[in-house]
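Colleague: I am new to this structure. Could you walk me through how to read it?

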Amino acid sequence: MNVNEILDDLKSKLTGDPVKDGPFLRSQSEKYREHEDYQQLNRELAKLLFQISYDDYYSNLSAYLSQENKDVDKALENVRKRYKNLNYTAGINILEEIVKNNMLSWLETDEVTYKSFGTPLDYAVYVQLYNPNKEIRAVNCNLSDVYYLYGVGLSKKEKFAEAKKALETALEFNPVDAEIILEYLELLKSIKSFESFPEYCTKALKCAVNKIQLGKGYFNYAFYFAEKKEFDKAAKMLEMSRIFYNDDIIESELEYISRSMGGKPPVHSASELSSFLEAESIQPGPSAVVVQSAYQLAQEASRNLDYKLSKFYYEIVLELTESDEIRDTIEELEQTIRDLA
């Protein structure tokens, strides 16, 4: 059946009661998951559910979904434990149940976009980088983490096409989570898809909230240049990576580049690296948007007398800038927290 025929059939089975029709439509969304026009069908199902009754939809179905999602965080912790034990199948099974239960828990419109930000910092960075012209609403559970972990598990099982869709969905919910972006880059390496690779390297650098993420962003640029046989550029990016990130994989990549160049590449000065980054339009060091956003959130938390939260954000600033002034501020906050204990 085509999409219209399926929709006509489903409409004939609706009762008008969102408490019954909501779960029914969600089950049908799962049923037709392999349909060739699944994405179109899923959008139409979401619209259909919305149109049943605006008031009842929010009063009944949202309450239903809220009840369904109250243990999602606990479920995600169980997934992480299973992944740690390399039991990816069990973790994937848990995640698929969460995905099924939340398949129609949001509806994108011309006026509203639904996001799943892990922290207020994510929200602040998103607003500045993307300048959205829609109202931002939060989905009722951490769906960016759900789809991120789903993508990780599917990648481990070498189901790369499904993993790619899952990680892309995670990035739709949270486009500024550097961990998701870096995982997506790993997937692109696995499937040897490099067309959009530089774009996501750039995104990783713009969203990095710690040195490791920053270093991995530069390392991925090095990997990309090496794939293009531009080994001098790759070597320079490895130098940038090493400033922020120390890992055996850097030395392994350097050995490969050295063999390819017929000798170990030269070490470059800071000014040479800076000129190179400018010429390639690559971000030099930490993201100003991340640093400024974390600083503003730290100040706001201090004004609200939430000193632990303020310390948390100042530590992000310190991690990225190594500012002595910020270090002193953190020490003062620590003393304040001890005095109040």
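Modeller: Start with one term. A residue is buried when its relative accessible area is under 20%. Keep in mind that this is a predicted model.

Colleague: Take C201, then. Is C201 buried or exposed?

Modeller: C201 has 0% relative accessibility, so C201 counts as buried. C207 has 4%, so C207 is buried as well.

Colleague: How many disulfides does the structure hold?

Modeller: The general idea comes before the case. A disulfide is a covalent bond between the sulfur atoms of two cysteines. A search of the whole structure finds 0 of them. C201 takes part in no disulfide, and its nearest cysteine sulfur, in C207, is 13 Å away.

Colleague: Next, the rings. How do I read an aromatic pair?

Modeller: A pair of aromatic rings is described by the distance of the centres and the angle of the planes. This structure holds 17 aromatic pairs. One of them is Y184 with Y200, a tilted pair. Their centres are 4.7 Å apart, with 55° between the planes.

Colleague: What does the pair of Y184 and Y200 tie together?

Modeller: Y184 is in helix 10 (residues 178–190), while Y200 is in helix 11 (residues 197–207), so the pair joins parts 16 residues apart in sequence. Y184 is buried, at 3% relative accessibility. Y200 is buried too, with a relative accessible area of 14%.

Colleague: Which kind of pair do F197 and Y224 form?

Modeller: A stacked one, 6.1 Å centre to centre and 15° between the planes. This pair also links distant parts of the chain: F197 is in helix 11 and Y224 in helix 12 (residues 211–227), 27 residues apart. F197 and Y224 are both buried.

Colleague: Which residues do ring pairs link into a cluster with F197 and Y224?

Modeller: The cluster consists of F194, F197, Y221, F223, Y224, F225 and F276. F223 has a further contact: the charged end of K189 sits over its ring, 4.8 Å from the centre.

Colleague: Now the strands. In which sense do strand 1 and strand 2 pair?

Modeller: Parallel, over 4 bridges, with strand 2 covering residues 135–138. For instance, K115 has A138 in strand 2 as its bridge partner. Between the two strands the chain passes through helix 7 (residues 120–130), and this β-α-β crossover is right-handed.

Colleague: Which way do the residues of strand 1 point?

Modeller: V112 and Y114 point one way from strand 1 (residues 112–115), and T113 and K115 point the other way. All of them are buried.

Colleague: How should I check the length of helix 8?

Modeller: Helix 8 (residues 143–156) has 14 residues, so at 1.5 Å a residue it should span 20 Å. Its end C-alpha atoms are 20 Å apart, which agrees. Helix 8 is also mostly covered, with 13 of its 14 residues buried. Just after helix 8, E158 takes a positive phi of about 60°.

Colleague: One last stop. Where is I316?

Modeller: I316 lies in helix 17 (residues 307–321). At 11% relative accessibility, I316 counts as buried. The C-alpha atoms of I316 and A75 are 28 Å apart, and 241 residues separate the two along the chain.

Terms used
Residues are numbered from 1 along each chain as its sequence is written. This is a predicted model: local features need pLDDT of at least 70, side-chain atom pairs count only at pLDDT 80 or more; totals for chains, interfaces and linings use all residues. Side-chain values use heavy atoms; hydrogens and water are left out. Rings of Phe, Tyr and Trp (its six-membered ring) pair if their centres lie within 6.5 Å; planes under 30 degrees apart count as stacked, over 60 as edge-to-face and the rest as tilted. Buried means under 20% relative accessible area, exposed over 50%, partly exposed in between (1.4 Å probe, protein chains only). A charge sits over a ring if NZ of Lys or CZ of Arg is within 6 Å of the ring centre and within 35 degrees of the ring normal. A disulfide is a pair of cysteine sulfur atoms within 2.5 Å. The expected span of a helix is 1.5 Å times one less than its number of residues. Two strands pair if DSSP finds at least two bridges between them. A crossover is right-handed if, with the strands pointing away from the viewer, the path from the first strand over the helix to the second runs clockwise.
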